[in-house]
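Colleague: I would like to learn how to read a few features of a structure. Could we take them one at a time?

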Amino acid sequence: MLWCRCVNEADERTQVNPLGNPWGLLASLPLFAGLPRAVIDAATAELEWLSLPGGDLLFEAGAAADAVYFVVSGCLGVFAPDGGLIGRVGAGQCVGEMGLLVARPRAATVRALRDSDLARLPADAFHRVLLNHPEAILRLARLTVERVEETRAHQPGQLAPRTFAILPRDEGVEVDALAPGLVQALGRYGRVELVGGQRAMSHSAQWFHELESRNDFVVYAADPGDTAWTRQCLRQADALLLAARAGVAAGPWPEPEHHPGAWRRAELLLLHEGGFTTGAAAQWRRHLPGVPCHHLRRPEDSARIVRLLTGRAIGLVLSGGGARGFAHLGVIRALREHGLAIDLAGGTSMGGILAAGVAADWSDEELVERFRRCFVDTNPLADFTLPLVSLVAGRKVGQLLRREFGDIDVGDLPLPFFCVSSNLTTGRVAVHREGPLWRWLRASVAIPGVLPPVLHGGEVFVDGGTMNNLPVDVMRAQGRGPVIGVDAGTDRAFTTNVESTEAPAVWNLFRSRRGRQRPNILQILWRAGMVNSAAATQVHRGESDLLLTPQLESLDLLDWRAFQRAIDIGYRDACQRLAGELPADLRAALR
């Protein structure tokens, strides 16, 4: 951090003023605009200047509030205690005034998001110059309220990046071939510029500030390895795109010592050449734990990756619901026909299985063909067993899932995916984003009493619908964009016209009882497993940007033969809903 005392033009000293015109800077800020000249003169005389490299700390949460800072060029990031980015402070804005106003320690941590020039007004000067002027105090209060409202508008870590640095893993990653596709996709949402080292390396922080000010997005193409230009890219970037070839063995990718914490905002781009390389995502996850992975198989994948990076991706969440869940296939077809590209998918139970098909990038025809083969041509619940743990052995379900999805890892799906199960050991919802796909789909559909639980790592997993039948909250927490929730499990499960408090005699079950509607044990166990999550489902329905609820009361939960009827209902109801007014962020996705 470089410091320099700032002087005004009347000062007899000949020191060069790095701010150029500090009086004009203050006079242009909302805090000072319109205040008497004497107030601005007094503040200007007390200013100090500092240069803060990208990534460096300005102050930490809990530190004493000793100054207010004005951003001359560059950009600062405001971080929550857990490290999530919750706000930006750009040129012409100030930060740190809240702590001085209420005389409390810093409430958040502030770092430079890129190389920045700042002006510092110490606390004693702040109080002496400003707090004697009621108009200044009123403006401070307004700025404080605006800052609080802006912070509340974003969940930690969900502020969309504006600048990106592509960091190639090695010389084999052709940045010149990768970058144009990302730049073109970003161009749909604003002005964008691609910058390489030959053009920008010798320029000042002010040059980068002007570059970023005239663009909505900037993409920096870094060098392989630790070079001066790569370090500059790290300091300028809101998000790091770690580009690696999927066909090359994964290995350590050490975080730069000069830029600690950089990997908190990194995302991995796996480049697939000559076909999809399975297993690569799991290998890289061991070296880059917690870093999201995106698969780049063909040029059109760039558009999806850009939507994910900028918070414009459409997330689809599918509920459980047994055979009624086939309505999801009709909904998926309707969404695609209406031009809504699904960028990531997740779900519970049957919805989780169907969402995995979406994440596998199967076409509408392939989705129908594969799931007809699994659930209509054969009954997945036909391997009954002694009811010691469950009515059904579960081998058939597991075999069907492995046949259709193979032995791939969840991370091998082309689109980001999750499914949820209920962990009976911990009593919490389990979210599965890694590990064998078939195993966690099997856990997500393990209806208590019907299918045996999945036992793994000393813990017991059952159907996700037991605790969270519509995991919109899981999708929304990723902060990737609008969420479409499809609830196929809230209609009345079944009814009866029989008055009874006892099970009928065995011999009576085989007598003709035309018109009698008595629920069977599979229906009862299935529905009982979902009832406890009804309250949570209502909350999650409200968290959806677009909620679709196909009318499925006429379909039984276990009527696999109603496959096509369910699809038709889902398609019809979704088309009717999509023909109406859509939320603004989803309308934007259609452009």
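Colleague: Is Arg541 buried or exposed?

Modeller: A word on the source: this is a predicted model, where local features need pLDDT of at least 70 and side-chain atom pairs count only at pLDDT 80 or more, while totals for chains, interfaces and linings use all residues. Residues are numbered from 1 along each chain as its sequence is written, and side-chain values use heavy atoms, with hydrogens and water left out. Buried means under 20% relative accessible area, exposed over 50%, and partly exposed in between (1.4 Å probe, protein chains only). Arg541 has a relative accessible area of 18%, so Arg541 is buried.

Colleague: In which helix is Arg541, and what does its side chain make a polar contact with?

Modeller: Helices (H or I, at least four residues) and strands (E, at least two) are DSSP runs, numbered from the N terminus. Arg541 belongs to helix H20 (residues 534-542). A polar contact is a pair of N or O atoms within 3.5 Å; within protein, one must be able to donate a hydrogen and the other to accept it, and residues adjacent in sequence count only if both atoms are side-chain atoms. The side chain of Arg541 makes such a contact with the side chain of Asp487, at 3.0 Å.

Colleague: Why does Arg304 count as buried?

Modeller: Arg304 counts as buried because its relative accessibility is 5%. Arg304 lies in helix H11 (residues 301-309), and its side chain reaches the backbone oxygen of His295 at 3.0 Å.

Colleague: How are two packed helices described?

Modeller: By the angle between their axes and the distance between the axes. Axes are lines fitted to C-alpha atoms, for helices over the stretch in contact, and angles run from 0 to 180 degrees between N-to-C directions. Here the axes of helix H12 (residues 327-337) and helix H21 (residues 563-578) come within 6 Å and cross at roughly 40°. The residues of this contact (heavy atoms within 4.5 Å) divide into twelve nonpolar, two polar and two charged. Ala, Val, Leu, Ile, Met, Phe, Trp, Tyr, Cys and Pro count as nonpolar, Asp, Glu, Lys and Arg as charged, and the others, Gly among them, as polar.

Colleague: How do strands of a sheet pair?

Modeller: Through backbone hydrogen bonds, either parallel or antiparallel. Two strands pair if DSSP finds at least two bridges between them. In this model, four strands form an open sheet in the order S3-S8-S5-S6, with antiparallel pairing. Strand S3 (57-59) and strand S6 (85-90) are the edge strands, each pairing on one side only. Strand S5 (residues 75-79) and strand S8 (residues 109-112) pair over four bridges.
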